[in-house]
Amino acid sequence: MLSVARRIPTWLLPLIAAVIVIAFPYLGAQSPVQRQVILICSLALLVSGLNLSLGYAGELALGQAAIYACGAYMTGYLGSHGYTDIVLQLACAIAAALVIGLVTGIPGLRLGGWALAMVSFFLVLLVPDILQLFANQTGGAQGLTGIASPSLLGKTLTPNGFYVFATTVTALWLLVLRNLVTSRHGTAFRVLRENPVLASSVGISVFRMKLSAYAIGAVPAGIAGCIFANLDQYLSPDSFGFALAVSILAASVLGGSASIYGAVVGAVILTLGPLESTSFQQYSLVVYGLLLLVGGIVLSIGIAGVLQRVWARVQRRWLPPARSAPYEGDLLPRTAGTALSVDHLVKSFGGVNALQDVSLVAQPGQVTALIGPNGSGKTTLLNLICGYYRIDGGTISVGKEQTTHRPYRIARSGVARTFQTPSIPREITVAEAVRAGRYATQRAGFVPAVLRLPSYRRARASDVEEARRVLALVGLADQENEIAASMPLGTRRLLEVARCVIARPKVLLLDEPASGLDENEVERLAGLIRKISDSGGTVVLVEHNFRLVLSVADQIYVLARGQIIAEGPPSVIEVHPEVLTEYLGVRVPEADDLLRTPSEVADND
Amino acid sequence: MDAVWSGLALGAVYALVALGYHIVFVSSNAFNFAHAQLIMLGTFIVYWGSVTLKLPIGLVFLLAAAIVGGVAVLEERTAIRIVRGTEGQLVTTLGFATLLNGATQVIWGGSPLQVPFFGSSNVLVVLGGHVFPDDLILMGVAVVLTIGFVLVSRMTVLGIALLAVSEDREAALMRGINVRALGIGAFAVSGIVAGLLGPLIGPKTFAVATLGSDLALKGFVAMAIGGFGSAPGALIGGFAVGLIESEAGRYLGASYSNLMIFAVLLGVLLLRPTGLFGHARERMV
């Protein structure tokens, strides 16, 4: 019984629901009901577009209403000039929506946050002005009339036919959205939302990814516009104002902005709820406002989010996902490491010279450790290597290539890193979090993912296989289906290492991987670092745990006050008098004692 | 010159909105979407006090300051304090703004209400242009408030504490700065100022429920032009937006003025995202 339940695919229920809704006219639904359903469809499309940017990419955009107007007027113009073919209208509406999405998305996204919210909100307020400017084509404030009935393949659509078309297109869009967000791109969106710095460290271009989300989110608004224009065959600027913009946001927050079907839930409630009755009309803004306020505070995940969590709990309790078989095969094939060289690097913040003339080389097959007291510039150096800061002087090269200042480019050229505080997106599993590391190195486009083409399936299969390999390598194979962010610190650190290793990096940067780990975990970590370097990888280790550094490093550089004060193999550094005073704050004889006791220098900065 | 004066007077209103955003942004790192709605509420309270209740002007000022200040504090408690993260606060402050839009519409209706000016309404001729005394006062208030805010933030311990909070909230907390009190204080001050501005702004803009959205956008553009996090930038940005609006309206037609402002906003965001007076900060890991 349970095994049968487990085998029911998750798409079956939505599919059945969609088929029933599409078949409504043949089940006896009259035109008022059909009209309501079509309105729900338009709103759901608008909300799903907003969800892509708000729920998945983490950017609030209010411009859906304006893009909707653009799609609607495009369709209305075509319809009133004899181009009644609905497929043509749909294509033109989508194209116009995409153009508006890109033109307003680029400047808004440069700043992100409220800049995008305001630019897109401004767009909504401009709608009546723009319509007035083109009053000859749009009818201006009087509205656009004379839109002919839509046709399909040369035949005029009956009301039932139009209903079926509208609901089918909506269902197809939801399918596209589902395929997109359940693919690796969906994980990439979540990584982006969690932490843009993390996103660029796995090679995701933050700007392009946000723009993609925003521009793709314009598509359903165009579709909704096309449907709306053909529904009443009359358009007026009043339909696209501030109230609509706010109701889209309210439906999104209510239904759950990070879910596929939340858009439908929110749209159903807002369309069928009491708001539409005339006695409530004047209170609608008050109610929308309260919905946003309460939704933002209490229901941060929306109704669909709550249902999703309940379902996830049920699944974990009664329908645990099948564990994949133990990985058999080479856990760590030869890694093609590349030398990392830093030459005369200079960086200052205001008057503080964070790094002065720092040079070092990390060779493939070796562990190069970087130690030094807090504030000596270790993390600054890593951030410069990753391109998060601009270099003030000197160069950084991976192999023969000099690095740029674009973090995602550097990540794509083969530099992977972990963070002092592990950065793990919420609500994704351990295996998904690890697979995110392959996003940039093994590319696969949006279109193959949406259409589930063979190339997507192949990439997906190799993602899954590689994740099993690296999880087995770091010893987390048992936890692959757990929620990643709920794992203990030690596991999350190993998870970060796995996310780096899966990209087969040319250079691996580890930023204090041992801090907060217990002794067993440190030992496991040491073994792992050795394995990676033995297989040919270039490892740069920034660490305060002196014991760990001495045990795994081949070459140690000591930073103090932004300068390299010593370098050499562990045997040299261990007894280097200047290092002992600077770093351990003791004189030589005391240092011997210190190294013999288990108390470590285990502070974090 | 008439158009310049009317542009500068409008600009002063936008600058005051931008300054309100700025005060809250600096002290609680939040963007208060609803600040323009607070100013709008101020104009309605003034209408209510002076036309409906026929109170003396001193009491009208007090009433507006008390009510708008109270609403601002209420907003801080409901839409900022208990909400984590920028997106969440964007949604809740937008919700609060919508709530104020809706509530004023339900209470006072949708049509514009004329708010009487307490002083003289005789047109003056200054530098060859016609200008109302109210307009001159607005410009003066905008300049004085900006200078005052800059002085407070540069010269006093309070200002340094504000700077510390906007740089790093947690570090400021560790230093014994009462971050919560500063946050709620900033909302209270911005609300009280918004209320006090009601008797000045109301006669110029009328009390109308769509005022909030319009002011919110123009105030935002003012901030974007001037540079986020710069009080003088907000002032100059506000005047710039006002001038663009009135000149575009004069030479191109009324329906072009918003479009021109939008075009300038896009230009600024594309060419100089930090604005004229803002400066970029490097990202931290």
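**Stop 1: a pair of strands.** Select strand 8 and strand 9 (residues 507-511) of chain A: they run parallel and are joined by three bridges. Strands here are DSSP runs of E, at least two residues long, and helices are runs of H or I of at least four residues, both numbered from the N terminus. Two strands count as paired if DSSP finds at least two bridges between them. Now pick A:Ala416; its bridge partner in strand 9 of chain A is A:Leu508.

A word on the model before you move on. It is predicted: local features need pLDDT of at least 70, side-chain atom pairs count only at pLDDT 80 or more, and totals for chains, interfaces and linings use all residues. Residues are numbered from 1 along each chain as its sequence is written, while chains are lettered from A and ligands numbered from 1 in the order in which they are written.

Stop 2

**Stop 3: confidence.** Colour chain A by pLDDT, the predictor's confidence in each residue from 0 to 100. Chain A averages 84, and 92% of the residues score at least 70. Then find residues 597-605 of chain A, where pLDDT stays under 50.

**Stop 4: helices of chain B.** Select helix 1 (residues 2-28) and helix 2 of chain B: they pack at an angle of about 125°, with axes 9 Å apart. Axes are lines fitted to C-alpha atoms, for helices over the stretch in contact, and angles run from 0 to 180 degrees between N-to-C directions. Helix 1 and helix 2 of chain B are therefore oblique to each other (angles under 35 degrees count as roughly parallel, over 145 as roughly antiparallel, 65 to 115 as roughly perpendicular, the rest as oblique). Show the contact residues, among them B:Val17 and B:Tyr21 of helix 1 and B:Ile39 of helix 2 of chain B. Contact means C-beta atoms, placed from the backbone, within 7 Å.

Helix 2 (residues 35-52) of chain B packs against helix 3 at about 145°, with axes 9 Å apart.

**Stop 5: where the chains meet.** Show both chains. The contact takes 42 residues from chain A and 37 residues from chain B. Helix 6 of chain A gives the largest share of chain A's side, twelve residues.

How values were computed:
Contact = placed C-beta atoms within 7 Å.
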